[in-house]
Number of protein chains: 2
Amino acid sequence: MSGDEPAGDSHASLHALVWARLRRVDQRYTSGRQAIVELFLQAGHPVSISDIVEALPALPRSSAYRHLTDLQSAGVVRRVAASDEFSRFELDENLTAHHHHLLCTSCGRVIDITPSAVVERAVSSHLNELAAAEDFEPHSHRIDVLGICAVCR
Amino acid sequence: MSGDEPAGDSHASLHALVWARLRRVDQRYTSGRQAIVELFLQAGHPVSISDIVEALPALPRSSAYRHLTDLQSAGVVRRVAASDEFSRFELDENLTAHHHHLLCTSCGRVIDITPSAVVERAVSSHLNELAAAEDFEPHSHRIDVLGICAVCR
DNA sequence: CTACTTGCAAATGCTTTGCAGGAGA
DNA sequence: TCTCCTGCAAAGCATTTGCAAGTAG
């Protein structure tokens, strides 16, 4: 569906990168972790713990949580704030590209969107000014659009 | 501190508005709820359940949760996504003004910021276009800047 | 071999609820 | 007086953790 590249090979370099990131913090890229990263690649949008456990029945919930925690501290994934109370995760922007989200307030679904470079730049610099006025040191930003997704309409 | 208006009177109309909203859903504006709304007004930024319970020692935790739920469904307050795992709340934008947040990734603090109308408008229309492309019906948006606040720097 | 991983089950901790008495309109 | 509100204590539930066995390097 949303694959612009030949599945296997295009992901090989990414897996190698993940492997390196984990090694940096003395962690191993085990099969369970690979399965999760592969799921992120296939999904193409933030997924919840339940999504992961459903897609990988052999993976215990506690391991899913632990893997996510470890992958997060290794800089491989990041937690996404959704409109419902469930945590969702996606590959860190260091491994993908800067983007924002459409949050469905009806079903909780999260969809990726990529703003134009022009708008992105304008917003970014404006936000940095506002942050500076508060003596706040900005590191990144996130923009979410709340509404109803195509499925729920 | 951050009060541009004479405390009591300027808030009177807002309390009246809150009262009306609650009445609309057959709920009463009791002292506990008033205390919470008053706290929001004084704080001027999103507050957590713990903040509320600390500021209002006589208020049981369970009541705080219930009040927040009720005020939320009455359209008086809304939940704010922070950078830590704690829920925070603020007065709904119908009662205040559209604004965004600075989220401290170190202490979890949330600071309000108001973007210029020009940028706001540009971002808004651009986001609506992106949403339309996904057949997504946008209702509102939120913009957060993640970083380190003045206190934590 | 040594250190990190995993499963399972038990524990945590925030949040929600059932109930009975209290209060607003 | 009727309905909604409150406190307290008892759940609920997503997430975390202790421990012992398994496995990557």
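This is a predicted model: local features need pLDDT of at least 70, side-chain atom pairs count only at pLDDT 80 or more; totals for chains, interfaces and linings use all residues.
Local features are taken at pLDDT of at least 70 and side-chain atom pairs at pLDDT 80 or more, while totals for chains, interfaces and linings use all residues. Residues are numbered from 1 along each chain as its sequence is written, chains are lettered from A and ligands numbered from 1 in the order in which they are written, and side-chain values use heavy atoms, with hydrogens and water left out.

**View 1. Protein surface near DNA strand D.**
A residue is near a molecule or strand if one of its heavy atoms lies within 4 Å of it. By type, the residues of this surface are four nonpolar, eight polar and six charged; Ala, Val, Leu, Ile, Met, Phe, Trp, Tyr, Cys and Pro count as nonpolar, Asp, Glu, Lys and Arg as charged, and the others, Gly among them, as polar. At least two residues each are supplied by α4 (61–73) of chain A and by α2 (31–43) and α4 (61–73) of chain B. The most, four residues, comes from α4(B). Helices (H or I, at least four residues) and strands (E, at least two) are DSSP runs, numbered from the N terminus.

**View 2. Atom pairs between the protein and DNA strand D.**
Sugar or phosphate accounts for 67% of the atoms of DNA strand D within 4 Å of the protein, and bases for the rest. For B:Arg28, an N or O atom of the side chain lies 2.9 Å from a base oxygen of DNA strand D. The side chain of B:Ser63 instead has an N or O atom 2.6 Å from a phosphate oxygen of DNA strand D.

B:His141 sits in strand β6 (residues 137–148) of chain B. This histidine counts as buried because its relative accessibility is 12%; buried means under 20% relative accessible area, exposed over 50%, and partly exposed in between (1.4 Å probe, protein chains only). Its side chain makes polar contacts with the side chains of B:His98 at 3.2 Å and B:Glu120 at 2.7 Å. A polar contact is a pair of N or O atoms within 3.5 Å; within protein, one must be able to donate a hydrogen and the other to accept it, and residues adjacent in sequence count only if both atoms are side-chain atoms. Leaving aside residues up to four places away in sequence, B:His141 touches residues of both chains, including A:Asp144, A:Val145 and A:Leu146. Contact means heavy atoms within 4.5 Å.

**View 3. Interface of chains A and B.**
Each chain gives 35 residues to the contact. Together the chains bury about 3200 Å², 64% of it on carbon and sulfur atoms; buried area is the accessible area (1.4 Å probe) that two parts lose on being put together, summed over both. In chain A, the residues losing the most area to chain B are A:Phe136, A:Arg142 and A:Leu146, together 21% of what that side buries. Between the two chains, 16 residue pairs are in polar contact (both at pLDDT 80 or more). On the side of chain A that touches chain B, β4 (100–104), β5 (110–113), α5 (117–133) and β6 (137–148) give two or more residues. The most, twelve residues, comes from β6(A). That side of chain A divides into 21 nonpolar, seven polar and seven charged residues.

**View 4. Salt bridges between chains A and B.**
Six salt bridges are counted between chain A and chain B. A salt bridge is a side-chain nitrogen of Lys or Arg within 4 Å of a carboxyl oxygen of Asp or Glu. A:Arg142 and B:Asp144 meet at 2.8 Å, N to O, and the pair crosses from strand β6 of chain A to strand β6 of chain B. A:Arg142 is buried, at 17% relative accessibility, and B:Asp144 is buried at 2%. In another salt bridge, the closest N and O atoms of A:Arg153 and B:Asp135 are 3.1 Å apart. A:Arg153 lies in the segment after β6 of chain A, and B:Asp135 in the loop between α5 (117–133) and β6 of chain B. A:Arg153 is exposed at 52%, whereas B:Asp135 is partly exposed at 41%.
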